[in-house]
Amino acid sequence: MSKIKSKKKIKRRRWTFILDAKEAQEVFLMGDFNNWSPGKHPMQRDKNGMWNKAVMLSPGNHEYKFLVDGQWREDPRNDQTCPNCFGTQNNLLNLTAP
């Protein structure tokens with residue numbers, strides 16, 4: 001008799017990151033959810049100069065930052081931070097299950 005493995009599907013949530021950086025030429029969303037890879041989540045600028053990126057995230061804590069024209073920037077809209085291994089801060093997002 002074969003064993004049936006029960007897999008509980010993790011419900012992910014859509015979350016939109018927003019950054020006001022009108023002067024920026026390019027912005028990337030970087031975090032533990034994309035292995036801090038700049039190519040995975042380039043952000044798009046809207047007509048008001050706000051940069052946006054919607055991503056699907058699993059419940060739990062996620063660390064992230066923005067890479068703005070090659071310079072790291074914290075999220076001014078999120079005061080939740082945690083120290084990183086470079087002696088600076090990452091933003092922390094805690095998502096609950098939907």
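This is a predicted model: local features need pLDDT of at least 70, side-chain atom pairs count only at pLDDT 80 or more; totals for chains, interfaces and linings use all residues.
Residues are numbered from 1 along each chain as its sequence is written, and side-chain values use heavy atoms, with hydrogens and water left out.

Let's start with the aromatics. There are 4 aromatic pairs in the structure; rings of Phe, Tyr and Trp (its six-membered ring) pair if their centres lie within 6.5 Å, and planes under 30 degrees apart count as stacked, over 60 as edge-to-face and the rest as tilted. Phe-17 and Phe-33 are stacked, at 5.9 Å centre to centre with 25 degrees between the planes. Phe-17 is at 2% relative accessibility, so it counts as buried, while Phe-33, at 22%, counts as partly exposed. Here buried means under 20% relative accessible area, exposed over 50%, and partly exposed in between (1.4 Å probe, protein chains only).

Phe-17 also pairs with Tyr-64, this time edge-to-face: 4.8 Å between centres, 65 degrees between planes. Phe-17, Phe-33, Tyr-64 and Phe-66 make up one aromatic cluster.

Now, Asn-78. What is its relative accessibility? The value is 13%, so Asn-78 counts as buried. Its side chain reaches the backbone nitrogen of Gln-80 at 2.8 Å and the backbone oxygen of Leu-92 at 3.0 Å. Setting aside neighbours within four places in sequence, Asn-78 is in contact (heavy atoms within 4.5 Å) with Tyr-64, Asn-91, Leu-92 and Leu-93. That brings us back to Tyr-64, which is itself buried at 2%.

Key:
A polar contact is a pair of N or O atoms within 3.5 Å; within protein, one must be able to donate a hydrogen and the other to accept it, and residues adjacent in sequence count only if both atoms are side-chain atoms.
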